[in-house]
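Let's take a friendly walk through this structure, looking at its rings, strands and charged side chains.

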Amino acid sequence: MAREAVDLHAYQSADGAIRLQIDGDLVDPYFAMKALLLADEMGLPVKPAAEAWIAWLLPRREAGGSFPRFVAQPGGGWKRLANADADDSSLALWISLLYRVHGDSAGMSPELQQSLRQARADLLQLRVQPAGIYHYARGADVGYLMDNAEVYEALRDDCQHGGKSCRLARQLELAVGKVFWDARRRMWRTASHGEPAAAFYPRTAAQLFPLMAGMQLPRGQRTYDDWLAGEGLPWLLQDAEVLDYAWGLLTVAAIKNKRDDVAQQWMARAAPSRDGQRWNVLEEAVFQGLEQRFGPLAK
């Protein structure tokens, strides 16, 4: 049976921009690209929405690879608001999105082929030796686990589509284990140095990113069920006192662990938040993917 395409009409304006929230005026390229990639991963056709988004974002990418955030102007149009939260992950998502939408680079326009080449080069500039991980921006002195998991996925996508990143992907997979894995605590460090205070984001959510990226997990890694019964329980219960967003992307980890029951529980508990302040375009894309996987929730 043919799959229905992801429906982002409530988030995507006529010019192709994809807003963060349904009634908001902010465009954050990270969330838009992550939403499209997750929808694709969950089997939803994304090409119409993605092509319009790519055409909107392509001329707005800045020198050095930054995908800044934008805010809507009262009279129409968009104004640059702030730098990307992290250049390494934004570049990685751009690379992955171009491949997922267009296949090999031969299927891209000359402008997109050039953008892909430049994105790979800009991303490589963020790689630091001897550690082998990627820092979040030029001049920064720290790398993050979540970002490096997304960079790994982009390098793997490049490798699978005939690029030259196969060796880099293997090297990064090893480097992530060396830099971020804490064998004594049996958990991932979220940053290459320094640790945030105990909180769901980033510390708890970050524990699942290597798994969702398909990376080789270290010996001693706690099981997904252990995570869910412990620090992940507020996510399953959708505890608004702990969570800033509904964090639908973590259902990918449930599905990869053959815990469809968990993904369905998340759907039911998160549904009341749909289109509210704790909901964004990423949650919406995931929710639609789950609806097509399991069927709509009973009224």
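The report below covers the model itself, then aromatic pairs, strands and salt bridges.

## About the model

This is a predicted model, in which local features need pLDDT of at least 70 and side-chain atom pairs count only at pLDDT 80 or more, while totals for chains, interfaces and linings use all residues. Residues are numbered from 1 along each chain as its sequence is written, and side-chain values use heavy atoms, with hydrogens and water left out.

## Aromatic pairs

Searching the whole structure turns up 15 aromatic pairs. Rings of Phe, Tyr and Trp (its six-membered ring) pair if their centres lie within 6.5 Å; planes under 30 degrees apart count as stacked, over 60 as edge-to-face and the rest as tilted. W53 and W56 have ring centres 5.4 Å apart and planes at 20°, so this pair is stacked. The two lie three residues apart in helix α2 (residues 47-57), separated by about one helical turn. Helices (H or I, at least four residues) and strands (E, at least two) are DSSP runs, numbered from the N terminus.

Both W53 and W56 are buried, where buried means under 20% relative accessible area, exposed over 50% and partly exposed in between (1.4 Å probe, protein chains only). Ring pairs also link W53, W56, F70 and W78 into a cluster. Elsewhere, W279 and F287 make an edge-to-face pair, with 5.6 Å between centres and 70° between planes; W279 and F287 are both buried.

## Strands

Strands β1 (residues 26-27) and β2 (residues 69-72) pair in the antiparallel sense over two bridges; two strands pair if DSSP finds at least two bridges between them. F70 in β2 is the bridge partner of V27, and F70 also belongs to the aromatic cluster.

Strand β2 is joined to strand β3 (residues 78-82) by four bridges, again antiparallel. Here R69 has A82 in β3 as its bridge partner. The hairpin of β2 and β3 has five residues between the strands, and G76 takes a positive phi near 110°.

## Salt bridges

The count comes to 16 salt bridges, each a side-chain nitrogen of Lys or Arg within 4 Å of a carboxyl oxygen of Asp or Glu. R138 and D122 meet in one of them (3.5 Å, N to O). This pair links distant parts of the chain, 16 residues apart: R138 lies in the loop between α4 (110-124) and α5 (145-160), and D122 in helix α4. R138 is exposed at 51% relative accessible area, whereas D122 is buried at 5%.

R185 and D182 also form a salt bridge (2.8 Å, N to O). Finally, D40, R100 and D157 are linked in a salt-bridge network.
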